Amino acid sequence: MTSKEHASDIKVPNTLGQQLGLNIAWITDQQFVGYAFGNAKRTRAPAQGHAPLVDINLVGADLIFEDATIRPMITEGCRVFYGLQRLRYGLVEGPSKPIDYVKISQKYRTILRKSLERMNMRVRELSENDPSLDAYRNLISLFYSIECTWHLLEFLVIDSNSSGAIVSSLLEWIRFHFPEPERAATEMLQSGRELDKQDNYWSVVKGLVVQGQTTIARALLRVHTSSETHCFQVAEQLLQSIPIYSVYSGLSVHRYKTQWQCWCDNVRTLIAAGNFGAEPKLEELLRLVSGDRKAWVEQLRSSNCWYEYFPGYLLYTDSSCKYYQLGQYANDWIAQYLGDWRAGGADEALGERQFKFLDKLVLSVMENNLVNVLQQVQLFPDNRWFAVHMVDLLYHAGLLEMGMGAGVETDDSISPSKVSRSGGGVSDGKLVRESLLFDYGCLLMSHGSFWQIGMDYLEFSSTEGLGARESLLARVPFQTERQASRIIAVARQNNYPEVAAEVCKVMTKRNLAQKNYGSALDWAISSRDSSYVRDVANIFLEHYCNHGELLCEKQIAHLGSKVFVSPRLVFLRTYYDFRKFYREQAYAKAAELLVRLMDSKIVPFYFWPCLMSDAIPLLEFKEPIIPSKETYTILEHLQLDLVPMLKYRQQKKRSDSEQGRKMDEPTDGGTAKDEELDQTALIPKFASNLLNNCTEDLIKMLRLACARNLARALIIENTISG
């Protein structure tokens with residue numbers, strides 16, 4: 001439990017599964033997959049490269065917080081958790097203040113109570129035949145147990161101010177979780193007179209007394225029809241004069257016990273004298289408040305759990321009980337509880353069965369056995385929500401470090417009283433916290449709705465958790481551009497450029513598959529990957545070569561400084577400017593830009609035919625707009641770039657024809673494979689088509705146009721110079 005290193009590995013042989021072709025593989029500590037080699041019995045695995053397609057079944061723990069009723073628990077709990085980390089590690093602006101851990105604990109309990117209210121409201125709305133009714137009832141039972149345990153830990157362990165008597169806190173705890181007597185008394189007092197005629201009158205009064213609510217019990221006794229009789233008057237005086245211990249009363253424990261013993265002796269004397277013989281119910285109440293053991297044993301038989309009447313018993317036997325004494329009292333009470341159960345006719349197995357999981361957990365808390373408590377809270381089927389937040393709170397409060405020995409840094413804000421209260425120190429408390437945070441954060445990161453919250457938990461876990469954030473963030477599923485943008489924002493906020501780039505590349509591929517080229521270009525630029533932007537820009541340029549149409553011209557026009565991500569994008573934007581000048585009939589500017597493009601050394605090899613074709617009409621102007629020097633430049637690129645391209649095309653054509661005569665007709669499988677490769681490629685393969693744009697006619701026309709323009713330009717230039 002304390003760390004992953006202490007966990008034992010149990011190997012289960014899979015001999016039969018291997019013979020049948022079945023196997024499993026673990027993905028995480030909470031997920032594994034089951035798969036098969038095939039549906040036929042085999043003695044060995046199939047050869048590599050010929051494995052048939054099989055179904056893969058993912059098996060893992062369900063996330064209970066996907067239900068809309070309790071979903072807010074995730075976000076609200078994370079908000080409190082993150083606030084505590086900021087306070088603890090000094091990440092909050094302003095002067096540091098002592099951390100009120102009790103107040104933080106109360107915030108967590110408020111979250112639990114709100115969720116219970118929402119679930120109870122949901123249950124009231126559902127019909128009895130609704131299939132989800134049982135699931136909600138199970139959730140209510142689960143979170144009630146969590147809230148009950150948290151409340152107990154809050155005033156027994158976390159609250160350092162309750163280091164004195166704890167009976168009053170136990171009574172408040174039991175009233176909070178067993179509110180039926182107080183509610184019934186309120187309804188009775190509001191209903192009117194003759195309350196003692198109601199069937200549940202004495203059971204309500206008794207329930208108030210065993211919860212220490214003697215003031216309300218006296219109010220009910222005063223409205224009894226026999227309240228003016230002597231026995232009721234004496235009972236009123238006795239209940240009013242009960243000595244109650246308080247650390248703020250100024251009485252020492254010895255003096256209080258002396259007063260308490262005198263009061264009990266007085267009650268027992270009056271009972272023995274028969275002063276309450278006419279009212280046996282009233283006499284039973286006085287036996288309970290005087291700590292009569294037989295009366296409490298009888299009362300114990302009607303309890304729903306062992307601890308329901310335990311705080312009341314302590315109140316009327318030893319209300320000065322300290323926390324270190326609580327475990328012994330609880331074990332004595334449980335022995336009586338189980339012994340009475342078996343004496344009543346139940347066998348041993350049934351008696352053990354009545355001692356439920358929550359009963360054991362409450363006992364561990366009262367025994368101050370934190371090791372056992374932490375082991376048990378991790379067994380709650382709440383995806384470890386309770387364990388994570390409680391262990392984190394106890395760790396920061398300094399209540400998990402008692403067993404770690406010397407060399408552990410202590411916080412000055414940790415109260416010495418807290419140290420003295422943590423009798424059952426947890427060894428490796430830091431490792432327990434880090435392990436829980438890591439597992440919980442990874443679980444949230446595996447669900448698309450809670451990955452951002454998982455990032456917060458992993459941020460404050462171990463070094464392993466910090467490293468896992470990047471890899472887990474890269475695996476977060478996303479479908480929309482909004483989801484992708486959120487992942488990218490978080491990745492860049494945490495300095496994970498590779499994750500942001502991968503998400504952008506995925507969105508680029510999706511938009512290309514949908515032929516949404518404008519968005520594909522935007523996502524490629526956002527990836528800040530020069531090679532990826534180059535490939536997408538190639539799609540634009542190659543599409544223009546094949547169809548004579550430039551895609552997404554408005555978007556290209558507003559690229560701004562983004563063009564400098566890739567030289568290919570610079571070329572695309574510059575070529576767009578050339579086309580714009582040409583359409584606006586600014587031919588001189590267009591010719592100047594075209595020549596600069598040829599000399600820029602960023603022209604794609606497949607684009608030279610288009611670039612040279614664009615130069616022909618500009619060279620045919622009667623009044624030459626391309627000077628002789630620039631014309632020589634065009635001729636140079638014609639010879640160095642376009643002519644080798646033509647030779648390569650002719651050579652490739654000859655080699656293809658010779659190869660076609662020698663080769664047999666291709667099989668269907670090979671064709672299918674080639675098509676499959678083409679479909680999976682990111683960039684369309686336009687190269688074979690683009691070679692066809694380079695023809696001998698184009699070269700002849702370009703040479704002729706250059707010669708004519710050169711002749712006209714030289715005549716004009718020589719005339720001007722002469």
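Axes are lines fitted to C-alpha atoms, for helices over the stretch in contact, and angles run from 0 to 180 degrees between N-to-C directions. Helices are DSSP runs (H or I, at least four residues) numbered from the N terminus. The model is predicted: local features need pLDDT of at least 70, side-chain atom pairs count only at pLDDT 80 or more, and totals for chains, interfaces and linings use all residues. Residue numbers start from 1 along each chain as its sequence is written, and side-chain values use heavy atoms, with hydrogens and water left out.

Helix α21 (residues 451-459) packs against helix α23 (residues 481-493) at an angle of about 15°, and their axes are 11 Å apart. The two helices α21 and α23 are therefore roughly parallel (angles under 35 degrees). W451, Q452 and M455 of α21 make the contact with R486, I487 and V490 of α23 (heavy atoms within 4.5 Å).

S320 is in the loop between α13 (310-315) and α14 (323-343), while H177 belongs to helix α5 (residues 167-177). The table gives the relative accessible area of each; buried means under 20% (1.4 Å probe, protein chains only).

| Residue | State | Relative accessible area |
|---|---|---|
| S320 | buried | 4% |
| H177 | buried | 6% |

The side chains of S320 and D318 form a polar contact of 2.7 Å, and those of H177 and E147 form one of 3.2 Å. A polar contact is a pair of N or O atoms within 3.5 Å; within protein, one must be able to donate a hydrogen and the other to accept it, and residues adjacent in sequence count only if both atoms are side-chain atoms. Leaving aside residues within four places in sequence, H177 contacts Y144, E147, C148 and H151.

Definitions and conventions: Buried means under 20% relative accessible area, exposed over 50%, partly exposed in between (1.4 Å probe, protein chains only). Angles under 35 degrees count as roughly parallel, over 145 as roughly antiparallel, 65 to 115 as roughly perpendicular and the rest as oblique.
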